[in-house]
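Colleague: I would like to learn how to read this fold. Walk me through it, please.

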Amino acid sequence: NFVIVALCVTFSACLVCIGAALYRLFRPARAYQAFLCHHKAGAGSLARLMKLGLSASGAHIFLDSDDLLTLDVLFDTVRRHTRNLVVIGTKLVLTRMWCAGEISTACQNKVKATLVVTDDY
């Protein structure tokens, strides 16, 4: 009986390792190095400038105003396709439903977040 149990445990461990390796191999890659979370009136121009600067270095940056047709999947973009959430901190950024949702989604899904503090934050 001990030999059968040991073989079953070993086989199960091998299956778990193979499953983990396959998951890493086939899971979708995070398409965006950064997602710029901002309040449009307070930091729309700054977000555009940041995107231009970061994109010049070859980074793939998400700015929602470039993709207004798919706002219904905005949180999914943060959850599944973003490596870093960059919050441009202005005094009204946390009062906006979309910004709060993006930040919450990033926190719940362990997406790295960085706060860029502006003068009026």
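Modeller: Helices (H or I, at least four residues) and strands (E, at least two) are DSSP runs, numbered from the N terminus. The model is predicted: local features need pLDDT of at least 70, side-chain atom pairs count only at pLDDT 80 or more, and totals for chains, interfaces and linings use all residues. Residues are numbered from 1 along each chain as its sequence is written, and side-chain values use heavy atoms, with hydrogens and water left out.

Colleague: Which residues of α2 are buried?

Modeller: Buried means under 20% relative accessible area, exposed over 50%, partly exposed in between (1.4 Å probe, protein chains only). In α2 the buried residues are A43, A47, M50 and K51. After α2 comes G58, with a positive phi near 100°.

Colleague: How do I read the sheet?

Modeller: Strands of a sheet pair through backbone hydrogen bonds, either parallel or antiparallel. Two strands pair if DSSP finds at least two bridges between them. Here four strands form an open sheet in the order β2-β1-β3-β4, with parallel pairing. β2 and β4 stand at the edges with a single partner strand each, so one side of each has no neighbour in the sheet.

Colleague: Over how many bridges do β1 and β3 pair?

Modeller: Three, in the parallel sense. L36 has V86 in β3 as its bridge partner.

Colleague: And the contacts of A106?

Modeller: A106 touches V78, L85 and V111, not counting residues up to four places away in sequence.

Conventions:
Contact means heavy atoms within 4.5 Å.
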